[in-house]
Amino acid sequence: MITARSAPNIALIKYWGNRSNNLRLPAADSLSMQLDGPCVEVTVESHETFSVPRDLQRFTTHFALVREYLRTLGIPNALPQAVRIGITSQIPSGIGLASSAAVFSALAEAYAAIISKTRPLSRKEISVIARLGSGSAARSVFGGFAALVAAGSGETIDSAYAILIAPKNHWLLYDVIIVPTQKEKSVGSTEGHALAHTSQLFTDRIANIPRRQQECIDAIMKRDFEKLQRVAEEDCANMHAVMQTSTPPLHYLSEETHRIIREIKELRTREHLPVLYTMDAGPTVHLICPEEAILKVQAFAQSQKGCKVFETQVGRGSFLL
Ligand code: DP6
């Protein structure tokens with residue numbers, strides 16, 4: 001039995017919308033910071049029938065896509081006909097903390113370990129396998145800061161993959177995660193991606209991503225926190241504007257989210273704190289900061305009544321146990 005571990009990532013430039021929904025080929029590039037927790041462990045072993053503790057349809061479809069990808073690599077029999085998957089997760093589901101990224105990057109890592117008996121895979125190839133289950137999972141195959149490269153016109157199964165922008169030890173950043181509610185979200189990301197193009201703001205968003213992606217890469221390379229804050233908050237606001245103007249509109253942020261943002265903005269102005277906020281597809285607020293701000297950001301998060309708080313920092317990505 002193979003066991004792999006991973007954790008979520010937090011997007012600084014968000015992935016929202018596909019050019020192929022079936023193959024999870026994103027409409028644009030995205031970029032994230034890998035977190036060191038909360039962790040997910042995935043086990044895989046050969047089995048007569050395909051078995052998984054949840055989302056049978058999604059995992060079966062993913063398995064079929066992975067086998068199709070292996071055919072294109074010329075190693076069609078590198079995975080068995082069926083597998084049994086086990087999942088142990090510390091992540092509450094449906095709260096906008098990308099548990100699918102952690103699960104599918106760990107699963108890709110475990111599949112790759114089995115496949116490696118036929119032929120070892122590169123990190124890029126493992127990221128393609130992760131992407132076929134969840135787009136953002138491709139980025140979690142790498143530690144540190146990773147981009148999902150999707151630009152271009154390719155429509156083949158390997159036309160989008162992740163690359164490393166900077167390793168974990170390049171920049172010590174923290175992500176203090178404030179979860180205001182554990183209520184399941186009504187529309188999952190997969191369904192949401194399929195609605196993105198119905199927003200009138202979507203074309204403009206896609207046109208602006210190359211600029212923002214480059215600014216984000218520059219900010220990371222120079223460890224320029226002010227620049228990172230500007231571009232990450234701009235992109236987050238823009239993605240939520242697209243979501244809110246799609247048909248039907250998707251409102252992932254709650255009153256609590258808006259209150260937390262208001263308060264952190266006041267705090268950072270008052271105390272000149274380097275801290276940025278960002279939210280994925282849920283009301284959860286991620287407060288990202290360098291070491292000098294961590295104690296104050298933690299104190300702020302702990303003072304939020306009725307919220308669950310996760311204190312994380314840059315992590316190492318998926319790996320085998
Ligand atoms: C808002 O990767 O969760 O978190 O491929 O359907 O699993 P699926 O989508 P997913 O989408 C991520 C959306 C996001 C932004 C991001 O992480 O880039």
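## Helix 2 and the sheet

Helix 2 (residues 99-115) lies across strand 1, strand 6, strand 7 and strand 14 and runs at about 145 degrees to strand 1. Helices (H or I, at least four residues) and strands (E, at least two) are DSSP runs, numbered from the N terminus. Axes are lines fitted to C-alpha atoms, for helices over the stretch in contact (heavy atoms within 4.5 Å), and angles run from 0 to 180 degrees between N-to-C directions.

The 4 strands form an open sheet in the order 7-6-1-14, with antiparallel pairing. Its edge strands, strand 7 (83-89) and strand 14 (319-320), each pair on one side only. Strand 1 (residues 2-6) pairs with strand 6 (residues 40-46) over 5 bridges in the antiparallel sense; pairing requires at least two DSSP bridges between two strands. T3 has T43 in strand 6 as its bridge partner.

## Basis of the model

This is a predicted model, in which local features need pLDDT of at least 70 and side-chain atom pairs count only at pLDDT 80 or more, while totals for chains, interfaces and linings use all residues. Residues are numbered from 1 along each chain as its sequence is written, and side-chain values use heavy atoms, with hydrogens and water left out.

## Ligand surroundings

There are 17 residues around the ligand, and R58, S134, G135, S136 and T190 come nearest; a residue belongs here if one of its heavy atoms lies within 4 Å. The shell divides into 5 nonpolar, 7 polar and 5 charged residues. Helix 4 (residues 189-195) gives the largest share, 3 residues.

Polar contacts are pairs of N or O atoms within 3.5 Å. A ligand oxygen atom is 2.9 Å from a side-chain N or O atom of R139, and a polar backbone atom of Y15 is 2.8 Å from an oxygen atom of the ligand.

Technical notes: A polar contact is a pair of N or O atoms within 3.5 Å; within protein, one must be able to donate a hydrogen and the other to accept it, and residues adjacent in sequence count only if both atoms are side-chain atoms. Ala, Val, Leu, Ile, Met, Phe, Trp, Tyr, Cys and Pro count as nonpolar, Asp, Glu, Lys and Arg as charged, and the others, Gly among them, as polar.
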